[in-house]
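Please keep the sequence and the coordinates at hand while reading.

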Amino acid sequence: MDRIPILQMGKFLLVTIQVDLYDRLALNLETDLAQMVYKTGARGVLIDISALSIVDSFMGRIIGNIGTMSKIMDAETVLVGMQPAVAITLVELGLELKGVSTALNVEKGMLLLRNKIDSFSETDIEEQDDSSAE
Amino acid sequence: MKVDISKLLQKKKTQILERWMTNQMADEILREDLISNEGLRNQSEELLTKLVKLVNDKNITDVQSPDFDPIVEILAGISHSRARQGFSPRETGFYIFSLKDALLETLQEEVKNDPSALYEITLKVSKLLDSFSISTFETFIKGREEVILRQTDEIAEISTPVIRVWDGILALPIIGTLDSARTQVVMENLLQEIVESGSGIAILDISGVPAVDSLVAQHLIKTVSATRLMGAECIISGIRPEIAQTVVQLGIDLSNIITKASLASALKHAFSMLRLEVKKSTKENFSL
């Protein structure tokens, strides 16, 4: 059975979708990703969809699901490299993917993920400091 | 007495042509700047020859008859080219009506002894030519409409430029009404340019949009959402007081979108997002 590889890079998981997704493949990706986030304790997920040229409402929902799912497992999701046609289709379908961050390319996506996680860990430390001071 | 229209016309063809030409020349609205005398004569002769050849006693009452298709075709060609050359509808209409005058005058001379036959033939000829002039107008207007459509396309194409204001900042001034078709073009151009230039910020300037209703706002929100999905931030600038008023009155929620009053303040915001600063140079000897 076809699967989309999920690569681990330190605290992040990297998914590049190189083929056109069909429903089964998308569902598998959703399950696999949930498993991987749980197993590795990843803090961020980066999904590259630059090769994806066609998207339907189902795919849009799956992408949204992955975002929300990772979020409740404490991993930020960044979607990178969306094609203009895909963006227009999603907007026309009324799927604005709230809760999922987006970036233009992998490089900017990585930067965004790092910034997000850094700012989170900083606030964590600050909070700890505050509590210890009291 | 029965009048054989086809024979009569054939016999009097040159006379009719002369009369027609005189009629056309006599009119003061003749446009010599648009068509030469020679050209007009050739055009008229061709049409008359066809008419004389095709018309007969049977089909003269049936204006829809397929026999007249070649004539309608010629007329369509003439009025089409006239529409594009810039003739007025009056001038084009006069072309056909002067032919009708010439024909009727000739008929009157030929059949003057028999009033009832004259009446009958006049009625027929006049009906036939009226139908021709209607089809002429139809194609004339169609020709004009084509011109308008082409211009609309051109305007839509040239009126959506995407400007690179700074490294990583795009600006898109929208001028004119924003309808669905135009939004599509704007959106496509903007998103394409974002991909090509890798810009992270896009400024949508709507100071040239005359009015914003709920539909236009919907289109704007769509464009902003699409840019966000691509991973870029979108700022809407150029919100005039009237637009702000209507937006509030219509209850449109723009709170999720960064909005600025002017392009300058939008640019300032974009700079701060990119952590850029504009500073006044302290040295006097700056070079341009």
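The points below treat a sheet in chain A and then selected residues of chain B. The model is predicted.

**The sheet of chain A**

- Chain A holds an open sheet of five strands, arranged in the order β1-β2-β3-β4-β5 with mixed pairing.
- The edges of this sheet are taken by β1 and β5 (101-103) of chain A; each has a single partner strand, so one side of each is left without a neighbour in the sheet.
- On average, and with direction ignored, neighbouring strands of the sheet are turned by 25° against each other.
- Helix α1 of chain A, which covers residues 23-40, packs on the sheet and touches β1, β2 and β3 (44-48) of chain A.
- The direction of this helix makes about 160° with that of β2(A).

- Strand β1 (residues 6-9) of chain A pairs with strand β2 (residues 12-16) of chain A in the antiparallel sense, and four bridges join the two.
- Within this pairing, A:Q8 stands opposite A:L13 in β2(A), and A:M9 stands opposite A:F12 in β2(A).
- Two residues lie between β1(A) and β2(A), which form a hairpin.
- In the turn, A:G10 has a positive phi of about 60°.

- B:L48 is part of helix α3 of chain B, which runs over residues 37-54.
- With a relative accessibility of 1%, B:L48 counts as buried, since that class takes in values under 20%.
- Leaving aside residues up to four places away in sequence, B:L48 touches B:K13, B:I16, B:L17, B:W20 and B:L99.
- B:L48 and B:Q10 are separated by 38 residues in sequence, while the distance between them in space is 10.0 Å, C-alpha to C-alpha.

Note on methods. Residues numbered from 1 in each chain as written. Chains lettered and ligands numbered in written order. Predicted model: local features only at pLDDT ≥ 70, side-chain atom pairs only at ≥ 80, totals over all residues. Heavy atoms only, no water. Pairing = 2+ DSSP bridges. Axes fitted to C-alpha atoms, helices over the stretch in contact; angles between N-to-C directions. Contact = heavy atoms within 4.5 Å. Buried < 20%, exposed > 50% of the residue type's maximum accessible area, 1.4 Å probe, protein only.
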